[in-house]
Structure formats: C-alpha cells, structure tokens
There are 2 protein chains.
Amino acid sequence: MPPQSATSTISLSVIKTACSNCNLRELCLPFGLSLDELERLDDLVSTRRRLKRGEHLYRSGMPFDAIYAIRSGFFKTDVLLEDGREQVTGFQMAGELLGLDGISSEHHTCNAVALEDSEICAIPFSRLESLSREIHTLQHHFHKVMSREIVRDHGVMMLLGTMRAEERLAAFLLNLSQRFTARGFSHAEFYLRMTREEIGSYLGLKLETVSRAFSKFQEEGFIAVQQKHIRILDVNGLKALMNHRA
Amino acid sequence: MPPQSATSTISLSVIKTACSNCNLRELCLPFGLSLDELERLDDLVSTRRRLKRGEHLYRSGMPFDAIYAIRSGFFKTDVLLEDGREQVTGFQMAGELLGLDGISSEHHTCNAVALEDSEICAIPFSRLESLSREIHTLQHHFHKVMSREIVRDHGVMMLLGTMRAEERLAAFLLNLSQRFTARGFSHAEFYLRMTREEIGSYLGLKLETVSRAFSKFQEEGFIAVQQKHIRILDVNGLKALMNHRA
DNA sequence: GTGTAAGCTTGATCCAGGTCAACCGAAATG
DNA sequence: CATTTCGGTTGACCTGGATCAAGCTTACAC
C-alpha cells in the first residue's frame, strides 16, 4: 500500500565510495544533476558504516545530526512506550532513508535497528541543507522524499484504522513485493527479515494472528510460506482480499 | 500525544495582510528572521481565502502547487478507499499547515475540509523553495515542520497500533487541550469541531465506542461532556488512563 | 555432533469493541 | 411554529482477534 520508491533495476556490481558512483543514488537522493553537481555531492557523505544484525543505528533520544541512506541490508524503526509497549513504525531496505523524524527536535524520536548485516552512509544534515540551498534539484528531491514519508505514514494509518487482520497482512506483502521489485529483486519470492512479532507490531496485530493469516493465505493458494521464505502465487488473490469491504 | 506546536500565547488583536505582521507567524513558518528577511517573506503568500464550513480546501488527486497556512478555523484531512471506507488522518487548527503530503507526487493525496468557517493563506510551493534557498532560517524551519509532521504521524500509528479505545480517546483529548493551550485558549474547556464519527475514524473506532468512552469519562469525573462542549476536570486522571498497561 | 533457546504454528477460550436497533435532543428547513 | 434531519446516547447481542497454552522447527552455542 504505501509506496516508498519506484525506480527500475539495479546491477549489484562494482561499489565505489563516491556518491556520484553509487548505484543506489536514484533511490536515495539526487538525480537529474549535472556532472559538476554530482561531484559536489560526494562531499555530502561523511561516513560509511557497517552494522551487524541486531545493532542499533541510533536510539530514541540521541542527538540528531545526520540522516542515513541504506546501501545494503534491512532495518526496522520502532517507538517504545514507557510501559514497554513497542510499535514498529516501519521497515526500510536498501536505497531508503532513515532518520528524517529527528530533524524536528534535533533528537531522534525512534530506534533504528539492523535486521540483517547492513551498510549505511551518514549524510550530515547541515551539509545537506547547505548543499540543497545551492542545488535546486537536490532541494526539491529532498522535499519530495520527506513528503513521501508523510504519505507513507498516512497509508499505515489507513491500514491500522480501517482494515481487518487479513487485509493488513495482504497489504503488507504486496507492499514488500513492490519494493523488492523496484530494487530489481524477484517480486514473487523473498525472505522476510523480521519476525512474526515485528510484523504484528507494525500491523497492530498479535503474532498468533499474523501466523494464522499466513496459514490461511497458504490454504487458499495465495502464497507459499515456509518460515521466513515467502512465495507469492496469486497477486490478484491478495489484492482482491483488500478491496471488497470488511 | 502527537504534539503539533508548542509556542506561547497569542493576542488575537489586529490582523493585517502581511506575513510580517501575521500574529500566527510563529506557528506557521518563520521566526528568528531579520527585518529585511521578514519583508521579503510577504512575497510568499499569494492568496488569502475564506472557506465556509463543509467546503473543501483541496481534494485528493488535485494538482499540488501550494501549501496552506490556517489563519483561523478548523480543518480535517481524510483519505478515502475505493470501497468507501474513510480514514481521517488529522485535525488542523489555526497556525498549522496543510498540504505537505502533496509535494511528493505533485498531487494532493488527501482531502482537506473546513469543519468551521475558516481562513487560509496559500503559499506557492515553488516560491517557498526559492526563498528558502536564500534564507537559511526559513529553510531550516520548514524542514522542522515537515519532520514534525512525520513524528506526529508516528504518534498516531502508536495510538492505532497499541492503545485500547479509552486510551486513544484520552490521548486525543489531551492532545487537543495541549494545542488549544499553545494558541492561548483555555486548556480545560473547548468545543469539538468534529462529529463522533470523525473522531472515531481518526482513532480507528466506531462512533458508538467514542460516545460510550465519553460517557465513561464523565461518570468517572474526568470530564464534563455536553454534545460538542468539553470540560476537562481531571487531566491527571486522563493521563493515568494511558500509562498503566492494557 | 547435542542441547537449548528463539521463533513459529495451532487449538481452545475469552472479551473489547463492533453491529444492530431504538430513542432522544438540537438545529436546520419550510 | 412544526417538521425533518442529523448527530448523539444507550442497550442487547455477536464476533474478530486477543489470550493462554502446548507442541514443533530451526538456528545457534558449546
């Protein structure tokens, strides 16, 4: 449901350090830049960093000074209530950005955790702001990225506010599939990086409900599930689930 | 729960047309600007517009070219699913911005409807972008506003994903109260501009459940309700509702 | 390898909130 | 002023998903 990016294929060949050579650049920030502008962009990224599965990229409350572009890997962001309740606010994959929520208060307002070994680029926010004062295209693209995040969140609100359990899971699978496709991976077959509990938290359901819905979808022939391995057999079946009433 | 602004009091005296004289300016966009910068800001606003209760400011799908600052009045934004289901994504009051979601696709992605007679300023987005390339403070403030919207949405996701009916309504009332306070109105007494059904849609509940929760709060002495008129009698009572488990 | 823990599935039961329905009050309309 | 309509309240009942519980599978530690 909430689209996060929609660009074509990526060959995962050579990886150099420069932004101007980053094959994820279409997905992260700039495109349509001149050669000169592309070169100046390389100043933008200060650090690359690898994270092991389970490691935090940042934690709620930490001072904010950079946003992060995911080069490879998979993340979740979550918010914790004082009483221990957790809400997963999103799952992010290669080519997507993390940390936009921190701009408002200059502190991060959620936790970002790697769900598999990952690699990120840190983009110091003040540098991004000054560069985007000079490069119109960059500025505009950044605003679009922030706005897209707002639209995505509205999609999640719709999902949590009006959909029933199976619709939510169908929407979730279709969204993942669509994002994998945009990155040149199979749209029909993928490994989930998150647990049933994390999916449940994101969708406002308990893990048992998620598990039951997976089984139901399998019985109906929409998907084949084996633990974290998912194969989508009938996209239209899943889509149909979402459309006619509840 | 999701804070939308936190600034001090406002005297609702003289209203002139210029942005530089707008007494809502702290809440909308710029502050900390030089006199010179303030004057240039007046170029930003192209149109003022009055809307009657029930009128749409914009509709989903319409081309986006401006964001809107609310001078007075009260709005809701909502998204409609093909099958007729509605999700209210937010309520906005004087001093808040509307339309940020439209930047991403250059089309509005939700409807904005006045819930009472209202007045807005249209801020052409391209002009905002070019001015914020020149005025650092404006740029930074705008980014904070967008980011705050994302944080607010995460708060709503938390609410929809993890809270039970009464917690949701308590959070909603406390949030409204806090925002009225920030605008110099009474924090303890106000009129709701929206129906029970709209509150329910926002909170992921049915109108009957909202109504019952209001009655329950009244029985317990936390509030006094009479239709749309609300008096908060025990803020701590409401806060307590939210904290200990569900 | 073997043991253990973490994650997943499935069944049985329960309850918060949805659904359906009746009624009431306020405010808009003629 | 009478009438209709819209929004709100309250009750009775029902159900989707939560909760509790048991067993299974996979992956990791030793």
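In this predicted model, strand 9 (residues 189–191) of chain A runs antiparallel to strand 11 (residues 229–232) of chain A, and three bridges join them. Across this pairing, Glu189(A) faces Arg231(A) of strand 11. Strand 11 of chain A also pairs with strand 10 (residues 223–226) of chain A. That pairing is antiparallel too, and it has four bridges. Here Ile223(A) stands opposite Ile232(A) of strand 11. Strands 10 and 11 of chain A form a hairpin with two residues between the strands. Within that hairpin, Gln227(A) adopts a positive phi near 55°. Strands of a sheet pair through backbone hydrogen bonds, in either a parallel or an antiparallel sense.

Leu173(A) is buried, with a relative accessible area of 0%. Beyond its neighbours within four places in sequence, Leu173(A) contacts Phe190(A), Phe214(A), Phe217(A), Ile223(A), Ile230(A) and Ile232(A). Leu238(A) is 65 residues from Leu173(A) in sequence. In space, their C-alpha atoms are 8.6 Å apart.

Over all chains, the structure holds 20 of them. One joins Phe91(B) and Phe172(B), whose ring centres are 6.0 Å apart. Why is this pair edge-to-face? The ring planes stand at 65°, so the pair falls in that class, where the angle must be over 60 degrees. The partners come from distant parts of the chain, 81 residues apart. Phe91(B) belongs to strand 5 (residues 86–93) of chain B, and Phe172(B) to helix 4 (residues 165–182) of chain B. Phe91(B) is buried at 2% relative accessible area. Phe172(B) is buried as well, at 4%. In chain A, Phe74(A), Phe91(A), Phe172(A) and Tyr202(A) make up one aromatic cluster.

Chain B also has an open sheet of four strands. Their order is 1-8-3-6, and the pairing is antiparallel. Which strands stand at the edges? They are strand 1 (47–51) and strand 6 (97–98) of chain B. Each has a single partner strand, so one side of each lacks a neighbour in the sheet. Strand 3 (residues 66–72) of chain B pairs with strand 8 (residues 118–124) of chain B over six bridges. The sense is antiparallel. In this pairing, Ala69(B) is opposite Cys121(B) of strand 8. Helix 2 (residues 125–134) of chain B lies across strands 3 and 8 of chain B. The helix runs at about 60° to strand 8 of chain B. In a regular strand, side chains alternate between the two faces of the sheet.

The side chains of Arg48(B) and Glu119(B) meet at 3.0 Å, N to O. Arg48(B) lies in strand 1 of chain B and Glu119(B) in strand 8 of chain B, so the pair ties together parts that are 71 residues apart in sequence. Arg48(B) is partly exposed at 27% relative accessibility, whereas Glu119(B) is buried at 11%.

The structure holds 31 salt bridges over all chains. Side chains of opposite charge can pair when their charged atoms come close. Another of these bridges joins Glu116(B) and Arg193(B), with the closest N and O atoms 2.9 Å apart. Glu116(B) is in the loop between strand 7 (111–114) and strand 8 of chain B, and Arg193(B) is in the loop between strand 9 (189–191) and helix 5 (196–203) of chain B, so the pair ties together parts that are 77 residues apart in sequence. Glu116(B) is partly exposed at 22% relative accessibility. Arg193(B) is partly exposed too, at 29%.

Lys76(B) and Asp78(B) form a salt bridge, their closest N and O atoms 3.7 Å apart. Are these residues buried or exposed? Both Lys76(B) and Asp78(B) are buried.

In chain A, a network of salt bridges links Lys76(A), Asp78(A), Glu86(A) and Glu198(A). Asp78(A) lies in strand 4 (residues 74–80) of chain A. Asp78(A) counts as buried, at 4% relative accessibility. Leaving aside neighbours within four places in sequence, Asp78(A) contacts Glu86(A), Gln87(A), Val88(A), Thr89(A), Cys110(A) and Asn111(A).

Technical notes:
Residues are numbered from 1 along each chain as its sequence is written. Chains are lettered from A and ligands numbered from 1 in the order in which they are written. This is a predicted model: local features need pLDDT of at least 70, side-chain atom pairs count only at pLDDT 80 or more; totals for chains, interfaces and linings use all residues. Side-chain values use heavy atoms; hydrogens and water are left out. Rings of Phe, Tyr and Trp (its six-membered ring) pair if their centres lie within 6.5 Å; planes under 30 degrees apart count as stacked, over 60 as edge-to-face and the rest as tilted. Buried means under 20% relative accessible area, exposed over 50%, partly exposed in between (1.4 Å probe, protein chains only). Contact means heavy atoms within 4.5 Å. Two strands pair if DSSP finds at least two bridges between them. Axes are lines fitted to C-alpha atoms, for helices over the stretch in contact, and angles run from 0 to 180 degrees between N-to-C directions. A salt bridge is a side-chain nitrogen of Lys or Arg within 4 Å of a carboxyl oxygen of Asp or Glu.
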